[in-house]
Amino acid sequence: MEIEIGEDLKSILPFLPLAMRSSTLFWPSQVVETLKSMAAGPDQSGVNSGEALFHSISNIRQSLSLSNQRLASSAQHGYALFFDKLMSETESMQWFGEVIPALGNLLLQLPFLLETHYRNDDQLASKGSGKFKTGLRLLASQVAGTVYLSQELIGALLACAFFCLFPVIDRRAQNLPTINFDYLFAILYDGRSKMQENKIRCIIHYFRRICSNIPVGFVSFERKVLPLNNCSGYFCCPKANFWINSTIPLCQFKVKDSGLIEDQTFGALEVDFANEYLGGGALHSGCVQEEIRFMINPELIVGMLFLPAMADNEAIEIVGAERFSNYTGYAFNFRFAGNHDDKQEKDSLGRRKTFITAIDALCSPGMRQYRLEFLLREVNKAFCGFFDQSKHNQYERLFLESGEDIMDHTDTSRYNLPVHESASDTRENCFGTYLIPECLDHKDDIGIATGNWGCGAFGGDPQVKSIIQWLAASQALRPFILYYTFGNEALPHLQKVSEWILGHKWTVGDLWSMLVEYCSQISNGQTHVGFFDWLLPASSKTNLCCFS
């Protein structure tokens, strides 16, 4: 099947394991023979153990001329350890007798799946006069846009990652994260940790599921960009006056002292406490909030293939990723806990109504987190993650009403300007929405489900970070925040504090001004108490004690 070699395919082709000739994607003949043998089962392929599996991986990589791109040194031992020692005999028989042959077949289908994907994207673009690009491509920094993938294609791409088939030589130059699974297995061998073993069990369970029944939905990955400068007439990344002058009322704030963000049932946009590199340590040794989400929803991992690191004015929104696993514990206590049957309904585009926004907080900010420039960085990062594409006209109006100077007159060289992949109507597309608007299932009641973003290992102030997220959600016109405290000791009175603030009918501008004043005082050594103690009068603090 021939396809047109467009800019989308050109941008991602160096990062795919396939070759292209005469407008046709294909596997080299030696790879085809190996995959066909694998698909025929272990009796023909000889792939019946972890050692044999890694030998087959090495042969495919050699056929793809990837041998000079070394894998993690202990990867071979990690594959052997997991599949030959940690996996039960019953699991091993199913894995090598059923799953590996199915993965071989899925990999054989990859050229066809990609060609079908690009043909469908061309048809969608033609319906939208070329304005709605959704094809697989490198979504570079400052390039707002959306990639829209079938779950079957995602499965094939993740099979490439499992077999370590993606070229890696140019990924670092493009600020792309790890995508092959070699370090995942190497770290298992080097550390022998139960945590790492159970991360892999989640991935293996995903492959087992899709090989028995290929899912038929879709997942979208969107890079959201707030223009930083030279955007006269359009909405820009806000400066201080925007927040000071905001008259938007604060949204409702509901505290959850127990439970998990991914288990919420309110249809909210769920916050991924992200690393600037999407997925963080998911394919290494990380196992906190973001990494756990990528293990139980493995389709998120495919975004690591084509989404470079986020800049300060960027966020990534993912819609439709299916959850496959349950789990218990956190970090070193993380354990795979069996199958998860995701019953989330789908939208008109075939995506599950699971909305995830990845935003990266300042890491180890110390006292600088209280300086105005970093408060702005954090609130704008959250706002970028929280804004709703369908409301961009309202945001632009609010921006103009704020009276903020939208031009940056002092530094026009520090940042690249955001590129909009369709110049036909930049104003309409300044947030990077390229799906046909009438197909987007936007609802006014989608709130935010979040928690201690940028705290914990990142070292942020939980009280300040909770207020920053409340400000961003309110300014983004979200109706509510569900805040999961995870038992954080710095937030025992968060619900009562939020009720006190709402009772005074403060606007975003009011609360922002109080936060800035507090941060100024703590930076100058004028106060040493937390924001909540600083904010509330003595009588209200006494009342809060009654709820301890």
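1. In which strand is Thr450 found? In this predicted model, Thr450 belongs to strand β12, which spans residues 448-450. Because its relative accessibility is 0% and the cut-off for burial is under 20%, Thr450 counts as buried.

2. The surroundings of Thr450 can be listed in some detail. Its side chain forms a polar contact of 2.5 Å with the side chain of Gln469. With residues up to four places away in sequence not counted, Thr450 touches Ile261, Val271, Phe273, Gln469, Ile481, Leu482, Tyr483 and Tyr484.

3. The largest nonpolar core comprises 95 residues. Leu53, Phe83, Trp95, Phe162, Phe181 and Phe207 have the most contacts inside this core. Helix α8 (residues 151-162) gives the most to the core, contributing nine residues.

4. Neighbours within four places in sequence aside, Phe162 is in contact with Leu53, Ile57, Tyr79, Phe83, Trp95, Ile100, Phe181, Phe185, Ile204 and Phe207. Another core, of 69 residues, lies apart from the largest one and has Phe242, Val255, Cys519 and Phe532 among its members.

5. The pairing of helices α9 and α10 is the remaining point. Helix α9 (residues 182-191) packs against helix α10 (residues 194-212) at an angle of about 145°, and their axes are 9 Å apart. The crossing of α9 and α10 is left-handed. On the α9 side the contact involves Tyr183, Leu184, Phe185, Ile187 and Leu188, which meet Gln196, Glu197, Lys199, Ile200 and Ile203 of α10. By class, seven residues of this contact are nonpolar, one is polar and two are charged.

Methods
Residues numbered from 1 in each chain as written. Predicted model: local features only at pLDDT ≥ 70, side-chain atom pairs only at ≥ 80, totals over all residues. Heavy atoms only, no water. Axes fitted to C-alpha atoms, helices over the stretch in contact; angles between N-to-C directions. Helix = DSSP H or I, 4+ residues; strand = E, 2+ residues; numbered from the N terminus. Left-handed = near helix turned anticlockwise from the far one by under 90°. Contact = heavy atoms within 4.5 Å. Nonpolar A, V, L, I, M, F, W, Y, C, P; charged D, E, K, R; others polar. Buried < 20%, exposed > 50% of the residue type's maximum accessible area, 1.4 Å probe, protein only. Polar contact = N/O pair within 3.5 Å; in protein donor to acceptor, adjacent residues only side chain to side chain. Core = buried A, V, L, I, M, F, W, Y, C linked by side-chain atoms within 4.5 Å.
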